[in-house]
Amino acid sequence: MFKYCQQKFIVEHPKTARHFLKLINPQRAVQTLKLEVLDEHTPAGELEALLAPLLAGEDVGLLSEAGCPAVADPGGALVRLAHRRQIRVVPFVGPSSILLALMASGLNGQRFRFHGYLPVAQDLRNRKILELEKNAIAADETQIFIETPYRNLKLLEALVQQCRAQTDVCVACNLTQSDELVLTRTIGEWRSGNWPDMQKKPTVFLLHG
C-alpha cells in the first residue's frame, strides 16, 4: 500500500477511481484531485492532450480498473506515447486478474498467452476455440481469454461443445471479491453440469489441452 503525492490522474472511471484513491490515502481530499478519462472510447488524437501536464513537468498517475495499468488496458497506448516523448514511466502494480487466474488455475504458468476477447459471432468464435485448443496442445501453452460478463455462459457452452473431453478449462470469477470462485475441470467434467453462478460476473477463462 502506498500514498500518492500527485494531484492528477488518468483513469477509466472517475467514480471508482475516487473510491480507490480514498481507500489508499484517506487523508487526501479526493474532491481536490483532477481526473482525466482514458477508456476504450478515447480517440487516439486526445492522447497528446493527456500528456500535456507531464510535458510541463508535473507528475500524473495512470489508474486502471483492472489493477494492472497497460496490461489488457487502454492505458497501454498512452504509456507508449509517453516513451516517445521521453517521459519517465514508473510502474506500480495492483492485482492483475489475468495473473491471479493463472496462479489459481493449476495450469501451465511457464508458457501462457493472453488473447483478450474472442469473436462474438458463433462460427468465428468456434473456430477460434479450436485454434486455441490446438495451440495449447502443440506448445504446451495455457490459453487465457475473457468475455463480456453477460456472455460468460455462452462462452462456456461453446467451449464444452467444441473442445475435447480431456482438455482442461478454468473459470476464475470475481477475483479478490468476497464471492471469488476459481474452478478447473476437464471438458468432460464440465459436460456433467453443475456450473457455477458466473453470469454477469467478471470472469477469466483459461484453457490447456
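This is a predicted model: local features need pLDDT of at least 70, side-chain atom pairs count only at pLDDT 80 or more; totals for chains, interfaces and linings use all residues.
Strand β1, residues 8-11, pairs with β3 in the parallel sense, and I found four bridges between the two. The sheet they belong to is open, has three strands and runs in the order β2-β1-β3, with parallel pairing. I then checked the edges: these are β2 (34-37) and β3 (60-63). Each has a single partner strand, so one side of each has no neighbour in the sheet. On average, neighbouring strands here are turned by 25 degrees against each other, if I ignore direction.

Next I asked myself which strands helix α1 touches. Helix α1 (residues 14-24) packs on this sheet and touches β1, β2 and β3. Its direction makes about 140 degrees with that of β2.

**Entry: the other sheet**

I moved on to an open sheet of five strands. I wrote down its order as β4-β5-β8-β6-β7, and the pairing is mixed. At the edges I found β4 (112-117) and β7 (181-186). Each of these has just a single partner strand, so one side of each is left without a neighbour in the sheet.

I zoomed in on one pair. β4 and strand β5 (residues 142-146) run in the parallel sense and share four bridges. One bridge I picked out joins F112 to T142 in β5.

Two helices went into my notes here. Helix α4 (residues 97-105) packs on the sheet and touches β4, β5, β6 (168-173), β7 and β8 (203-208). The direction of α4 makes about 50 degrees with that of β8. Helix α6 (residues 152-162) also packs on the sheet, touching β5, β6 and β8. For α6, the angle with the direction of β8 is about 10 degrees.

**Entry: the whole chain**

How many helices and strands does the chain have? I noted seven helices and eight strands. The C-alpha trace spans about 55 × 35 × 30 Å along its principal axes. Of the 209 residues, 40% are buried. I also looked at contacts between residues at least 6 apart in sequence: 70% of them join residues at least 24 apart.

Last, I checked the surface and the charges. The accessible surface comes to about 11900 Å², and 54% of that belongs to carbon and sulfur atoms. I found 24 positive and 22 negative charges, with their mean positions 2 Å apart.

How values were computed: Residues are numbered from 1 along each chain as its sequence is written. Side-chain values use heavy atoms; hydrogens and water are left out. Buried means under 20% relative accessible area, exposed over 50%, partly exposed in between (1.4 Å probe, protein chains only). Contact means heavy atoms within 4.5 Å. Accessible areas come from the Shrake-Rupley method with a 1.4 Å probe; for residues, only the protein chains shown count as cover. Lys and Arg count as positive and Asp and Glu as negative; His and the chain ends are not counted. The place of a charge is taken as NZ of Lys, CZ of Arg, CG of Asp or CD of Glu. Two strands pair if DSSP finds at least two bridges between them. Axes are lines fitted to C-alpha atoms, for helices over the stretch in contact, and angles run from 0 to 180 degrees between N-to-C directions.
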